[in-house]
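Here are my notes on this one, point by point. Have the viewer open while you read.

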Amino acid sequence: MAKQRAIVIGGGLAGLAATMKLAEMGVEVDLVSLTPVKRSHSVCAQGGINSVNDQTRQLGDNEWSHFDDTVYGGDFLQHQPPVKEMADWAPNVIDLMDRLGVTFNRTPEGFLDRRRFGGTLFKRTAFAGATTGQQLLYALDEQVRRQEEAGLVKKYEYWDFLGPVLDDAGQCRGCVIQDLVSMEIRTLAADAVLVGSGGPGLIYGRSTMSMVCTGSAASRCFQAGVKYANGEFIQVHPTAVPGSDKLRLMSESARGEGGRVWVPRTPQDPRSPDQIPEAERYYFLEERYPAYGNLVPRDIATREIFNVCTAEGLSVESERLCVYLDLTHLPRELLDTKLGGILEIYEKFQGVDPRDVPMKIFPAVHYSMGGLWVDYDRTPEGGLMLGSPRNQQTNVPGLFAIGECDYQYHGGNRLGANSLLSCIFSGLVVAPGVVNFFNGLSSNAADLSASFFDAERQKHQEQHDSLLRRRSGKENPYLLHQELGNVMTRSATVVRHNDILREAIETVHELRDRADKCALSDTGNWTNQNVVFTKSLLDMFPLAFTILQGALARDECRGAHYKPEFAMPGIEADSPEEKRRLAEEWCDRFEANTNKWLKSTIAEYDASSREVRLSYEEVDTSLIPPRPRLYGLVGAETIEEVWKERTVKRQDGAGGNGSPAQTKDTVASQ
Amino acid sequence: MIDKVQDSPKFVEVRALRQSGPQQRSFWERFRVEYEPDMNVITLLQRIAARPRTADGQDVAPVAWDCNCLEEVCGACTMVINGRARQACSALVDRLLEDNPAEIELRPVTKFPVIRDLMVNRSRLFRSLSKQKAWVPVDGYYDMGAGPRQSEEEQQAAYPYSQCMSCGCCMEACPQFRKIELVQRDDESDEDFAAREQAEFDRNFVGPHAIAQTMLFNQNPTGRMNADERLDALTSAGGIQVCGNAQNCVAVCPKEIPLTTAIAQAGRAATVHTIKRWFDQ
């Protein structure tokens, strides 16, 4: 048999971690990326990477607690074994990155410095200034360059992934790629294809994501038969700076280092912020969430900022919505050494020094918790069976997904500084599984006939040529993209309503039909960015339907998915008895909702009708039973009291953890 | 917010130097883009891509350019804007109009071969990182515990260098860094061409960024164990001796990396290294 190879699609943290680890295990890798890998979107990650550490450990923290925060923050929608494994590995991941030369900030004694991030009360986050993603990516980029020099990695930079190549049995045998410079289309044979192509932010038009984050690679896998899970869970980051081309992230670390979010109590107070006395400032996050303050989980901070500007009319400006993110009370030296990178971004793009003047920020689409469905192999203890080929493998044999484009680690909402961890972790953990997958194969892709691959190439060549020939249409792909972004942003971000979602699905259908008539302004075959963009636009529609249909079907509030109609507000009552009664009712309702909705949305694409079909999958909550997320809820103490009593009762009765989610039936519905 | 230009114009005049492919003749084309508040050069190019029509009404192919993060951390969108090499994303239109209200001029950087329009091939820039072995040669990627302890001072000294995004501005400004543009011969395989190109890159100046990266890894507690290998490369053809100390690099670096400090340190290290090698003989 010919030597087995792997293909990695995407050179961000996940793709590079997988490439580096595979190379170490002796597997040769073809690394395909739209951009030189050093310019991947991971560079935009700012704040840091989480793990339990020697200091937090002595304050009562441990791996289980990191796991618990991640699951609680994610509203229990993630299968727990992979998350537990990730939290267990986190200290080792940071140690490895430290050894690779990442310039993590240090304590005076020379240890890694840590800061606090949202959704936890511990300082778990290691960081390199405010450019942690960039530093981590560079360390992996350097190792992959080293492996490239050793002859184990071949890079295809400025190449687009057009789709996986599946054999008659439905097994992935390689992929089709296109050179963005010469427009040449070719196939690569491989025994495993690992997709680490990141998130689909461009479906929303402008977001905090980079221009390569079109979701096209994930969509092409989806259209080839890979399931897509929890698409409706899109994280809207609380703090970004609006721009005409992009919404620029303002890291959570700004709040982690003491930044405070506020609005003037007087709507659109015309005074400059430094002239507004403390008493006339409304620090709404601190007032409403005394324990977590400005560091509540992102979905909550986002909704509060959105609400304070819309429902409460307290936006700082009248023409556009924004609140203050204030660092001016912090020492300049601290700001420079710990947040320099992001403050320079604000200064460069807004022309104002945030050390002197509070920043004006507003939420923006930031991260997709959902993504390609992947499997995992569970140990009896509830961790991952390391080296199992099932880990990170999609339902298409031989096709794996890692990083942001998988759905596995963050459930309904991702905690800050957990994404860099999940990207590197999934990239490292997939490698031994791929090697074992190779060992179990009876035939190798390289032994398949050339005509098999050429037929695939031909198919894509014809699609490409027909796009170039299509000159009759009047539709403009860039303007359609703007329209798509507007519809998606209006319907499927912070607050979701069923009537608006229904309308959006109709509109997106219309947009897709119009996109079929896109005319190209460039019909040449040299560095044709027009045709590449048009292809990625066409591939946005299947994912847009997945997001919208998933959101429409899910009649509840969970993590980032918020429908006011199904919200469970807190409880208020004068007498303790009445409060108690309301809390019982609240818990009944919570249990009923858990039974009905604690399940992953699974989308499948039907190529003939071009429609998306939904079904649902049980969530493995066997390690930590689901419990209400009570951050800042009125009456939380009473609800918690009732909930604890019920948990004890259940445990006594069932002799196990007796989580209600475990007894529910799978519900399949449209 | 930035003070708005008095009486914001209705249109922004953009003049772009275009080129349909490698080694082809370049030509200027003028575009008129409707003014919007808070525009940057990326927005201008996006508007041109959406409606590629010249100022005199000719429908043309859209201008090709490279970009990704749009927040000046990926290094992709480097081009020459009003005569200065910089990133298009952080080039704010209001600021550019303050300097020259008549037009905004866009050209590809001149030290790398043009692929098309404003897109250039910067593979040489990454090749020089390979030549310099700009990485920490760890034993492997298994868990071996934490890395070496480092003082705050060491971290603060290394951090600026680790922010280098390989954008190419320092090479554009450097008088010693000259463009290399080879053409694949008809009878030459892709592999042979790549090998010939790499040899040519390696013979010529590595560039300020690669010198700075050499010093970053030579100062890393683990990286310094292989400092001699990197200094061998740095004192070979195309190494530090080519630097003419014009100090242009440090002036144009968008990340304000102390490139000349690194070059001075590298120069001293190279001298010591050469003498040491001479005694070793």
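1. In chain B, 14 residues of domain 1 are in contact with 16 residues of domain 2 (contact: C-beta atoms, placed from the backbone, within 7 Å). Domain 1 covers 11-116 and domain 2 covers 122-280, with bounds from an automatic or database domain assignment. On the domain 1 side, strand β4 (residues 84-87) of chain B gives the most, with three residues; strands (E, at least two residues) and helices (H or I, at least four) are DSSP runs numbered from the N terminus.

2. A word on the model. It is predicted, so local features need pLDDT of at least 70 and side-chain atom pairs pLDDT 80 or more, while totals for chains, interfaces and linings use all residues. Residues count from 1 along each chain as its sequence is written, and chains are lettered from A and ligands numbered from 1 in the order written.

3. Between the chains, the contact takes 60 residues from chain A and 58 residues from chain B. On the chain A side, α5(A) has the largest share, eight residues.

4. Now look at strand β1 (residues 5-9) of chain A: five of its five residues are buried, so the strand is largely enclosed by the rest of the structure (buried: 20 or more other C-beta atoms, placed from the backbone, within 10 Å of its own). Arg5(A), Ile7(A) and Ile9(A) lie on one side, Ala6(A) and Val8(A) on the other.

5. What does β1(A) pair with? Five bridges join β1(A) to strand β2 (residues 28-33) of chain A, running parallel, and four join β1(A) to β10 (residues 192-195), also parallel; pairing needs at least two DSSP bridges. Ile9(A) partners Val32(A) in β2(A), and Ile7(A) partners Val193(A) in β10(A).

Methods. Contact = placed C-beta atoms within 7 Å. Buried ≥ 20, exposed ≤ 12 C-beta atoms within 10 Å, placed from the backbone.
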